[in-house]
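Colleague: Can you walk me through this one? Start with whatever terms I need.

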Amino acid sequence: MRVSEYENLEPFPAELLLPADESPITQTLDEGPMFRPTHPIALAPVTAPPHSVDGFVKEFLHELNTGQGVQLALSSVNDQYLALAKTVRHYLMARWLETSRKVRDSKSKMVAYLSAEYLLGRQLNNALLATGLKETATEALASCGIDFEVLRAQEVEPGLGNGGLGRLAACFIDSLATMSVPCIGYGIRYEYGIFKQTFVDGRQVEQPDTWLALGCPWEFPHPEAAVQVDFGGGTERYTDDDGVERTRWTPSWNVLGIPYNYMVPGYLNGRVNTLRLWSAQATKAFDLPTFNAGDYAEAVRAQTFAENITKVLYPEDSTPQGKELRLQQQYFFVACSLRDFINRMLEKGCDLHTLPQRVIFQLNDTHPVIAVPELMRILVDEEKWEWDDAWDVTKQCFAYTCHTLLPEALEVWPADLLGRLLPRHLEIIYKINDRFLEEVRKAFPNDELKARNMSIISEYPYRSVRMAYLATVAGAKVNGVAELHSQLLRDKVLPDFSAFWPEKFTNVTNGVTPRRFMRLANRRLAELITDTIGVGWLTDLDRLQELEPYAEDAEFRAEFRSVKERNKRRLRKLLVARDQIDLPEGHLVDVMVKRLHEYKRQTLKLLHIVTLYEQIISGKVKPEDVTGRTFVFGAKAAPGYKIAKEIIYLINCAAKTINSDPRVKGKLHIAFPPNYNVTLAERLIPAADLSEQISLAGKEASGTGNMKFALNGALTIGTDDGANVEIRRLVGDEHFFLFGLREPEVEALVAKGYRPHEYYESDPQLKATMDLIASGAFSGGDRSVFEPLVSNLLYEDRFLALADFCSYMKAQAEVDAAYADQEAWSRSAILNVARCGYFSSDRSMRDYIDQIWHTPALR
């Protein structure tokens, strides 16, 4: 069949979506108020084999003609991409609807994952992988004269997350779908993401992330299922018809939450779960009389005010308005989500006393914790339950994951703000706290300090609500995300609570999905692994252990190196096209990509680079004795985080100087591509030789980048922090470059009194490095530009970069020596891959299911 024959096809019947030897399955679906069809719906069998190429072409052109309203000859690349995406999603639809039906019919217990972020990455390749349609789609498009790679590049990554928290959530819902565990993810549909990072004269400049500008074919809006969310006002006491005195919330304003559904397909298993994201809209979006009176801005003020709630991820909160907007965001999405689950995911008339048998709400950090008093409000105020009954159900329905050890990252809300925005919720929190402190005082009589320390309400320096404490009191379980992190969470962050409820605390080490971060990101390595150990390892990552004997095979090592080299060439090609960054060839690729925060210590990495530069230009080291290295950074700084933005500026200024200095040409090169995201990570991580995981011990919760790099054959240089501890234990000390103070040593040094300038004064090389920065060498001779950063390191250095400098430099010398022996390096890299199967998010999900959720797979 020629391509011309496909043009201007008549609309074709749904039966064409089915294989020729299958007949439609007729099934009446009941989605509750959101979706209650009056007619039977024809579904393709879940077991249907992939489409034929001809069938795919017909569907694609049908979507192009009727969905986009264009002929192939006149279509744009974006038209073609949207038509392709919708064609692929058609194949997932039957599986999605069938999965929803089975969940409803079985009344299975579900995971409702509440997360402020989902860093999904591009969806097209993942959907093609899940359906096994990649080759069919590529061939079908080729027959139409279209290059699949051009359409894939057209896709814009959803701006729904920022860092590890959001990427972890995306990995988890991927794994749950692959494991056939009923799950619905709930979050926010941010119109402009967090921001698009650009560099102007080396400085970070934030631009809106307009990821929705050309349309998103992966979302399904349901405005008819909008949820009203109330704010403000006050409360009043009244007596109900049974003579019981109750409390009523009388809000002063409200908005609507519009749900947008995304499919979350499992890998080749016929299961498709749902991610439901909420967008804010005004209940009265447009005031026509005001508009007609000529006050056009006032006519749409309500809509503008409402839409601000879901404009951006993590609005800058250094102002009172920013703080209030963040709290509005958090309550908005959990209020929508709880209402949605109760009204639409449960069958009509479901007894809410059985709610713990139907759902576990997983709180992904403290952002969704306001869901606790919201569920209590629903049960006590709306369902008119007694307090004790409502609390008994509520504390079985929530579990809390803590993702930090930094006190400033544990959210605390001013009581006056909560009282103004959510007055009834503050009352409920006070009552939860009063009841809890009664238990504490009973267990620890005459220890009022204990009660004060454990109180959800802090009185100093102002009255506030400690959300991590509320989550711990209400949660059935509290978990950290790496062994060390969980231990420190028990011993340092929440010690009184872990002593009071030791059975509540557990550990679930993070993981990453091998489907995206191995099969999609590193196809050549995935193919080499499959050729070597067979199929099946993508859903059973422990099988990577079967690679261990091949580390001793010279031919396999050569193939492994060839894969790495091809990945480097692919990265170089991408960065030239994306950012006009030209990377040198033949270098060790040394990568540090993560959110820009002082505790992650990008400054320590920069001190290493400047030291190498200083040693060469001062004549201490001959250029020919230096291992050629390309240092790649990727990091965004929060808009209001001034020192982090100054660190970015210093890195870019150092890059400009070092990259243009002929004395180090061919030896040192710095690349800092802006706007690091999942799409770039999928190219950068497979090309890396060295993974920089250098946070101060005791500060990183877990990290997942460290896992991705190790699984893709990079060796790690790192501290004993977060999941580095477990990586090192699994891969072996000889295949991990360890440096730095251990967490007890950090604590002891800080307690003793850390004086960073003493390290500067006693280490000639550190002094020379710092002096070079201070001299203006990277700022056109202006010594004042980086003086604040230099002084901060010399007189404060909160995260002990100078204390770890000497140890770090020694470890980097070990890296140089190891890299010089490529056979030995390849052996270590292969063993990193072989021994890191533990870090699959599938294993993480099994741990959550066994220890916390107790949610069976759908049969």
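Modeller: Two strands pair if DSSP finds at least two bridges between them. Strands (E, at least two residues) and helices (H or I, at least four) are DSSP runs, numbered from the N terminus. This is a predicted model, where local features need pLDDT of at least 70, side-chain atom pairs count only at pLDDT 80 or more, and totals for chains, interfaces and linings use all residues. Residues are numbered from 1 along each chain as its sequence is written, and side-chain values use heavy atoms, without hydrogens and water.

Colleague: How many bridges join S5 to S6?

Modeller: Strand S5 (residues 196–200) and strand S6 (residues 203–207) run antiparallel, joined by 5 bridges. They form a hairpin with 2 residues between them, and Asp201 in the turn has a positive phi of about 55 degrees.

Colleague: And which residue in S6 is the bridge partner of Phe199?

Modeller: Gln204.

Colleague: Other topic. Is Val440 buried or exposed?

Modeller: Val440 has 1% relative accessibility, so it counts as buried (under 20% relative accessible area; exposed is over 50%, partly exposed in between, with a 1.4 Å probe and protein chains only). Val440 lies in helix H16 (residues 423–443).

Colleague: What does Val440 touch?

Modeller: Leaving out residues up to four places away in sequence, Val440 touches Lys450, Ala451, Met454 and Phe500, with contact meaning heavy atoms within 4.5 Å.

Colleague: How many residues of H18 are buried?

Modeller: In helix H18 (residues 467–474), 8 of 8 residues are buried, including Tyr469 and Thr472.

Colleague: What is the strand order in the open sheet?

Modeller: The 6 strands run S22-S21-S20-S23-S24-S25, with parallel pairing. Strands S22 (668–671) and S25 (737–738) are the edges, each pairing on one side only.
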